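Hi there,

Here is the structure I promised to pass on to you. Have a look at it first, and then read on for what turned up in it.

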Amino acid sequence: MINKIGKVTVYVNDQQQAKDFWINKIGFVLKMEQPMGPNFSWIEVGPSEDEFTTLVLYSKSVMQQQNPSKVAHPSILFSTTDIESAYEKMKRNGVEVGEMMKMPFGTMFTFKDQDGNEYLLREDK
């Protein structure tokens, strides 16, 4: 079902400052930047162009409005190449899954572990 750790979300106060830090001070590359609203973007950085796993630099203030409890720790986004199959298999296995979300940057759904910790599974082909 899951074949890689796809992304780790880091909640940041200023997305542009965070992007500058990871690219210009750490040496990461910009993997994706796409506007998500008037005041924030989906920004992904990674160690190289070839590296699959990335950091998502997500607006802390936006997440505090959407789901305040999430900003206490990074979110883990797992990756799959077949989101529909993974969704159905998790449901059959008794995993608590959220609704399938089709976004411009990918199709995904949330799922919870035995302790109620929430994760995201996204299709990356």
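Let's start with some rings: Y11, F40, W42 and Y58 form one aromatic cluster. Please keep in mind throughout that this is a predicted model.

Those four residues turn up again in the largest nonpolar core, which has eleven residues in all: Y11, F40, W42, V56, Y58, V62, M63, L77, F105, M108 and L120. Strand 4 (54-59) and helix 2 (60-66) each supply at least two residues of this core. There is also a second, separate core of eight residues, and F78, I83, F109 and F111 are among them.

Back to the rings for a moment. How many aromatic pairs does a search of the whole structure find? The search gives nine. One of them joins F78 and Y119, with 5.8 Å from centre to centre and 55 degrees between the planes, so this pair counts as tilted rather than stacked or edge-to-face. The pair links distant parts of the chain, since F78 sits in strand 5 (residues 75-80) and Y119 in strand 9, 41 residues apart. The two partners fall into separate classes of accessibility: F78 counts as buried at 19% relative accessibility, while Y119 counts as partly exposed at 22%. The cut-off for buried is under 20%, so F78 falls within that class at 19%.

Now for the overall picture. The chain has three helices and nine strands, and from the N terminus on they run β-α-β-β-β-α-β-α-β-β-β-β. The radius of gyration is 15 Å, close to the 14 Å that the globule rule gives for 125 residues, so the chain is as compact as a globular protein of that length. If you draw a box along the principal axes, the C-alpha atoms fill roughly 45 × 35 × 25 Å. Of the 125 residues, 38% count as buried. The accessible surface comes to about 7,400 Å², and 49% of that belongs to carbon and sulfur atoms. Among contacts with a separation of 6 or more, residues 24 or more positions apart account for 50%.

Is K7 buried or exposed? At 4% relative accessibility, K7 counts as buried. The side chain of K7 makes a polar contact of 3.2 Å with the side chain of E44. Leaving aside neighbours within four places in sequence, K7 is in contact with W42, E44, T54, V56, S75, I76, L77, R122 and D124. M101, on the other hand, is 94 residues from K7 along the chain, and their C-alpha atoms are separated by 17 Å.

The side chains of D124 and R122 are joined by a polar contact of 3.0 Å. Beyond neighbours within four places in sequence, D124 is in contact with K7, F52, S79, T80 and T81.

Another lysine to look at is K19, in helix 1 (residues 15-25). K19 counts as buried, with 16% relative accessibility. Its side chain makes a polar contact of 3.2 Å with the side chain of Q16. Not counting residues up to four places away in sequence, K19 touches L30, E33, I43 and L57.

P47 takes you to the loop between strand 3 (41-46) and strand 4. P47 is partly exposed, with a relative accessible area of 45%. With residues up to four places away left out, P47 touches G27, F28 and T53. K31 is 16 residues from P47 along the chain, and 9.4 Å separates their C-alpha atoms.

Finally, find E88 in helix 3 (residues 83-92). E88 counts as partly exposed, at 37% relative accessibility. Which distance separates E88 from E44, C-alpha to C-alpha? The two are 28 Å apart in space and 44 residues apart in sequence.

Enjoy exploring, and write back with any questions!

Best wishes

Notes: Residues are numbered from 1 along each chain as its sequence is written. This is a predicted model: local features need pLDDT of at least 70, side-chain atom pairs count only at pLDDT 80 or more; totals for chains, interfaces and linings use all residues. Side-chain values use heavy atoms; hydrogens and water are left out. A polar contact is a pair of N or O atoms within 3.5 Å; within protein, one must be able to donate a hydrogen and the other to accept it, and residues adjacent in sequence count only if both atoms are side-chain atoms. Contact means heavy atoms within 4.5 Å. A nonpolar core is a set of buried Ala, Val, Leu, Ile, Met, Phe, Trp, Tyr and Cys residues joined through side-chain atoms within 4.5 Å. Buried means under 20% relative accessible area, exposed over 50%, partly exposed in between (1.4 Å probe, protein chains only). Helices (H or I, at least four residues) and strands (E, at least two) are DSSP runs, numbered from the N terminus. The radius of gyration is taken over C-alpha atoms; the globule rule is 2.2 Å times the number of residues to the power 0.38. Accessible areas come from the Shrake-Rupley method with a 1.4 Å probe; for residues, only the protein chains shown count as cover. Rings of Phe, Tyr and Trp (its six-membered ring) pair if their centres lie within 6.5 Å; planes under 30 degrees apart count as stacked, over 60 as edge-to-face and the rest as tilted.
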